[in-house]
Amino acid sequence: MTDTAPQDQLGTVEGLDGIFVIRGGGITRGWNGIQYRAGLSAKNTNAKQLSMNVATIPPGGVAAAHIHVGFEVMLYILAGRVRHEYGPALEKSVENRAGDFIFIEPGVPHEVFNMSDTEPVVAVVARSDASEWEHIIPFTRPTAPPTP
């Protein structure tokens, strides 16, 4: 899974003497069913271990199953309701709504569902990886073994 957006859509960054700022900015990039506002990462700052964006999952949207390889993710849900299906066979689930914080350990397979057909999910997403999406791999939901 890779970032398919042109580099010029990363947002205008002001950077002076170790402080970098993006002022406002609309949704500029898409990845895996999620739209992202311009955020901060190694792509537009001197970040070495951290990236942060505001993500929107459109009504009825799904971020396909994937795994974060070697980095942690924290989210804060600003608006909407979301369900994470997770675990070795995506057999577990947790639901969250605006005001909830979520922490995802490295290596946990998960798929993310917007639970509304009319409202988007909006979340602040922080990653302990300055490259944003380069260390995310797709995960295929295992099929159930045939019943004898």
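Mentor: Buried means under 20% relative accessible area, with exposed over 50% and partly exposed in between (1.4 Å probe, protein chains only). This is a predicted model, where local features need pLDDT of at least 70, side-chain atom pairs count only at pLDDT 80 or more, and totals for chains, interfaces and linings use all residues. Residues are numbered from 1 along each chain as its sequence is written, and side-chain values use heavy atoms, with hydrogens and water left out.

Trainee: How many residues of strand β12 are buried?
Mentor: Across the protein, buried residues make up 38% of the 148 residues. Strand β12 spans residues 121-127 and is mostly covered. Of its seven residues, the buried ones number five.

Trainee: Which residue in β12 is the bridge partner of Ala 55?
Mentor: Two strands pair if DSSP finds at least two bridges between them. Strand β5 (residues 51-57) runs antiparallel to β12, with seven bridges joining them. The partner of Ala 55 in β12 is Ala 123.

Trainee: And which residue in β12 is the bridge partner of Val 73?
Mentor: Strand β7 (residues 73-79) is also antiparallel to β12, through six bridges. Val 73 has as its bridge partner Arg 127.

Trainee: Which element gives the largest share of the lining of the largest cavity?
Mentor: On a 1 Å grid over the protein atoms alone, a cavity is a set of points where a 1.4 Å probe fits but cannot get out; lining residues have an atom within 4 Å of a point. The largest cavity is lined by 23 residues, with Ile 34, Tyr 36, Leu 75, Val 112 and Val 125 nearest its centre. Elements giving two or more residues include β4 (34-37), β5, β7 and β12. The largest share, four residues, comes from β12.

Trainee: What is the volume of the largest cavity?
Mentor: Grid points are joined across faces, edges and corners, and a volume is the space filled by probe spheres set on the points. One cavity of 30 Å³ or more is counted. The largest cavity holds about 260 Å³.

Trainee: Which element gives the largest share of the lining of the largest pocket?
Mentor: A pocket is an open set with protein on both sides within 12 Å along at least five of seven lines. Eleven residues line the largest pocket, and those nearest its centre include Met 52 and Val 54. The largest share, three residues, comes from β5.
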